[in-house]
Amino acid sequence: MTATLFPNAMPLAGLVGGLMIGFAAMIMLLGLGRIAGVSGLAARVAGIASEGTPWPLAAAFIVGLPVGAMFIAYAIAPVEARFAPAVTTLLIGGLLVGFGTRLGSGCTSGHGVCGLSRLSPRSLIATVTFIGAGFATVAIMNATGLPQ
Amino acid sequence: MTRQVLLALFAGTLFGAGLAVSGMADPQRVRGFLDILGDWDPTLIFVMGGALVPMIIAWRMRMRIKTPLAAPEYVLPVTAQVDARLIGGAVLFGMGWGIAGLCPGPAIADLAIAPVPASIFVAAMLAGMFLHRMVCNRRSDAVRSGAS
């Protein structure tokens, strides 16, 4: 049904990839006692957060992200990554994502995956809010003809 | 410690591979999900659903596994209070997510797939995180000097 309604959707690949992400977060929780929140771990690795997950563990996790993507790209199939063409888009988007995830204490992985599954009210509200803000931003950009 | 680092590296690699398999390493696909009024792409729902399954099980197992398998204790965020910072941060993050189609995990994983635009976004994201730290440190300094 999704194939006809939403020609671009990849439900099976999405589900399989999602399970892999969930198992990775499970390893972090039950193995290391930590939340697999990428924004927090990245801030820790860059020295921006002075406390949190021990630096070597945060660094190992963060290094693993491109390693895993590269593994899929070379061993399984090419990985599509269509970026916005304008550098300003990347700069403004990056600044907002960096500032916002620190102020709101988490991103899609920390609040979305780890927090929702824990039934955390904070994470539920954060997730609904950032998805809503994302919907609104794309709608406004499209309506006003702002280039991406 | 070596065992912990290897486990974190494995988790990060699995997470990055999952992002690549699920299509979430592609900013245009993520933007397709956020384009709710346009040519909507529901793939992200399947990814989120897939990731939540292992994590819901993991939170239940956590109740019975008193100590993490490879670490001395759980260090988990408090989930109670909802405040303006949480909401404000989620709004800013959602705006950046909508503008560029990127959140922290995919951006870092894409360093291996599309190094040039991914580096620009990640550099801006770290700058945003650093800016947040500067603003917040100044505010807490002001609070301290006000109190003394």
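Me: What share of the contacts in chain B with a separation of 6 or more comes from residues 24 or more positions apart?
Reply: This is a predicted model, and in chain B residues 24 or more positions apart account for 39% of those contacts.

Me: And what's the figure for chain A?
Reply: For chain A, residues 24 or more positions apart make up 35% of the contacts with a separation of 6 or more.

Me: How many helices and strands does chain B have?
Reply: Chain B has six helices and zero strands. Its order along the sequence is α-α-α-α-α-α.

Me: Is chain B compact or spread out?
Reply: Chain B is more spread out than a compact globule, because its radius of gyration is 19 Å, well over the 15 Å that the globule rule gives for 148 residues. The C-alpha trace of chain B spans about 55 × 40 × 30 Å along its principal axes.

Me: What about the surface of chain B?
Reply: The accessible surface of chain B is about 6800 Å², and 69% of that belongs to carbon and sulfur atoms. Of its 148 residues, 49% count as buried.

Me: OK, over to chain A. How many helices there?
Reply: Chain A has seven helices and zero strands. The C-alpha trace of chain A spans about 45 × 35 × 35 Å along its principal axes.

Me: How much of chain A is buried, and what is its accessible surface?
Reply: In chain A, 56% of the 148 residues count as buried. The accessible surface of chain A comes to about 6100 Å², with 73% belonging to carbon and sulfur atoms.

Me: Why is helix H6 of chain A largely enclosed?
Reply: Nine of the ten residues of H6(A), residues 108–117, are buried, so the rest of the structure largely encloses this helix. Among the buried ones are Thr108(A), His111(A), Cys114(A) and Ser117(A).

Me: What covers those buried residues of H6(A)?
Reply: The cover includes helices H2 (11–32), H3 (38–45) and H7 (121–144) of chain A. From chain B, the cover includes H1 (2–22), H3 (43–64) and H4 (84–100).

Me: Which residues have the most contacts inside the largest nonpolar core?
Reply: That core has 78 residues, and those with the most contacts inside it are Phe61(A), Met55(B) and Trp97(B). The largest share of this core, ten residues, comes from H2(A).

Me: What does Phe61(A) touch?
Reply: Leaving out residues up to four places away in sequence, Phe61(A) touches residues including Met28(A), Val38(A) and Leu41(A), as well as Leu9(B) and Phe15(B).

Me: Is Gln4(B) buried or exposed?
Reply: Gln4(B) counts as buried because its relative accessibility is 16%, and the cut-off for buried is under 20%. Gln4(B) lies in helix H1 of chain B. Not counting residues up to four places away in sequence, Gln4(B) touches Leu32(A) and Leu57(A), along with Ala70(B), Ala71(B) and Pro72(B).

Me: Where is Leu96(A)?
Reply: Leu96(A) lies in helix H5 of chain A, residues 87–103. Leu96(A) is buried, with a relative accessible area of 18%. Beyond residues up to four places away in sequence, Leu96(A) touches Thr101(A) and, from chain B, Leu92(B), Phe93(B), Met95(B), Gly96(B) and Ile99(B).

Conventions:
Residues are numbered from 1 along each chain as its sequence is written. Chains are lettered from A and ligands numbered from 1 in the order in which they are written. This is a predicted model: local features need pLDDT of at least 70, side-chain atom pairs count only at pLDDT 80 or more; totals for chains, interfaces and linings use all residues. Side-chain values use heavy atoms; hydrogens and water are left out. Buried means under 20% relative accessible area, exposed over 50%, partly exposed in between (1.4 Å probe, protein chains only). Helices (H or I, at least four residues) and strands (E, at least two) are DSSP runs, numbered from the N terminus. Contact means heavy atoms within 4.5 Å. The radius of gyration is taken over C-alpha atoms; the globule rule is 2.2 Å times the number of residues to the power 0.38. Accessible areas come from the Shrake-Rupley method with a 1.4 Å probe; for residues, only the protein chains shown count as cover. A nonpolar core is a set of buried Ala, Val, Leu, Ile, Met, Phe, Trp, Tyr and Cys residues joined through side-chain atoms within 4.5 Å.
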